[in-house]
Amino acid sequence: MRFYSLEEVSSPRYSWSLQTEHQWLLPGVRCPTCHDTWASIGEAYPSVDLSELPERKKLKAKLEEDFAEFSRLRERVRRFAPSGAPLTPGTSFGALLGRARGPFPQLVLQNPWTVLMHREALEQLQAEGVRGLKGCRTELRFRDKHPPELLELQVEPGGLFHRDCLPPHVPCPTCGPRFSMPREPLLDAASLPTDRDLFRLANFSTVIVGSERFVDTVRRLCFEEVDFRELPTR
């Protein structure tokens with residue numbers, strides 16, 4: 001099985017724009033061990049509803065100075081999140097809110113670590129046997145007279161960059177490993193999920209990976225505005 005990262009096209013045919021944010025997020029934090037102030041991007045769970053969480057108003061702040069308070073908030077959120085979710089600082093939850101202007105292709109890469117899709121496109125992929133796709137409602141305000149129903153895909157972590165492509169580093173015992181994008185990405189074959197065809201890397205959440213089945217199906221259905229880069233495995 002081959003694997004590919006999803007990439008934005010260099011010369012898009014569609015003219016669209018999105019100005020969005022999720023309903024809630026775990027704030028960034030200042031680490032008491034390495035003293036870095038940081039937050040990740042990419043990790044998102046749009047299906048997670050935190051409207052019943054008493055601390056939800058604190059999940060609007062961009063930064064939490066008190067690491068103990070951040071840790072408490074993360075544990076309060078954990079019972080709502082998928083099992084095993086990393087929940088790094090900056091993780092977002094709930095429906096995607098904001099403004100949208102089309103026209104939109106069938107598959108939309110925003111950032112490009114956020115994937116949106118027309119409902120009918122998602123249903124086509126599922127009918128073709130692509131596994132593990134979870135579409136979540138959005139709350140977007142469209143300027144178009146006949147707006148599409150755009151769903152955000154909940155792309156959960158799975159799989160890792162292989163250690164051989166990563167620079168030497170000593171991870172902070174509190175923050176864990178953090179590194180820049182490898183020049184020659186290499187996937188750890190033993191870590192790759194076998195139960196789904198789309199996932200984001202657990203140790204680099206802005207990289208979304210599709211299986212050969214996902215890529216072949218997208219190409220066969222002629223979905224535009226997305227490129228694929230094959231990632232070798234070891």
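Here are some friendly notes on the salt bridges, strands and aromatic contacts of this predicted model.

1. Ground rules. Local features are taken at pLDDT of at least 70 and side-chain atom pairs only at pLDDT 80 or more, while totals for chains, interfaces and linings use all residues. Residues are numbered from 1 along each chain as its sequence is written, and side-chain values use heavy atoms, with hydrogens and water left out.

2. Salt bridges overall. The whole structure holds 15 salt bridges, where a salt bridge is a side-chain nitrogen of Lys or Arg within 4 Å of a carboxyl oxygen of Asp or Glu. One network of these bridges links Glu55, Lys58, Glu69, Arg72 and Arg76.

3. Glu69 and Lys58. Glu69 belongs to helix H1 (residues 67-78) and Lys58 to the loop between strand E5 (44-45) and strand E6 (63-64), so the pair ties together parts eleven residues apart in sequence. Helices (H or I, at least four residues) and strands (E, at least two) are DSSP runs, numbered from the N terminus. Glu69 is buried, at a relative accessible area of 15%, whereas Lys58 is partly exposed at 41%. Here buried means under 20% relative accessible area, exposed over 50%, and partly exposed in between, with a 1.4 Å probe and protein chains only.

4. Arg78 and Glu75. Arg78 is partly exposed with a relative accessible area of 32%, and Glu75 is partly exposed with 45%.

5. Arg196 and Asp195. What is the distance between the closest N and O atoms in the salt bridge of Arg196 with Asp195? They are 3.5 Å apart. Arg196 is buried, with a relative accessible area of 18%, while Asp195 is exposed, with 53%.

6. The three-stranded sheet. Strands form an open sheet in the order E4-E3-E6, with mixed pairing. Strand E4 (37-38) and E6 stand at the edges with a single partner strand each, so one side of each has no neighbour in the sheet. Strand E3 (residues 28-30) pairs with E4 in the antiparallel sense over two bridges; two strands pair if DSSP finds at least two bridges between them. Within this region, Val29 stands opposite Trp38 in E4.

7. Aromatic pairs. The count comes to eight aromatic pairs. Rings of Phe, Tyr and Trp (its six-membered ring) pair if their centres lie within 6.5 Å; planes under 30 degrees apart count as stacked, over 60 as edge-to-face and the rest as tilted. For Tyr45 and Phe93, the ring centres are 6.1 Å apart and the planes at 25°, so this pair is stacked. Tyr45 in strand E5 and Phe93 in strand E7 (residues 92-101) are 48 residues apart, and the pair links distant parts of the chain. Tyr45 is buried at 1% relative accessible area, and Phe93 is buried at 0%. Elsewhere, ring pairs join Trp16, Phe104 and Phe142 into a cluster.

8. Charges over rings. The charged end of Arg178 sits over the ring of Trp38, 4.4 Å from its centre. Likewise, the charged end of Arg219 sits over the ring of Tyr4, 5.8 Å from its centre. The rule asks for NZ of Lys or CZ of Arg within 6 Å of the ring centre and within 35 degrees of the ring normal.
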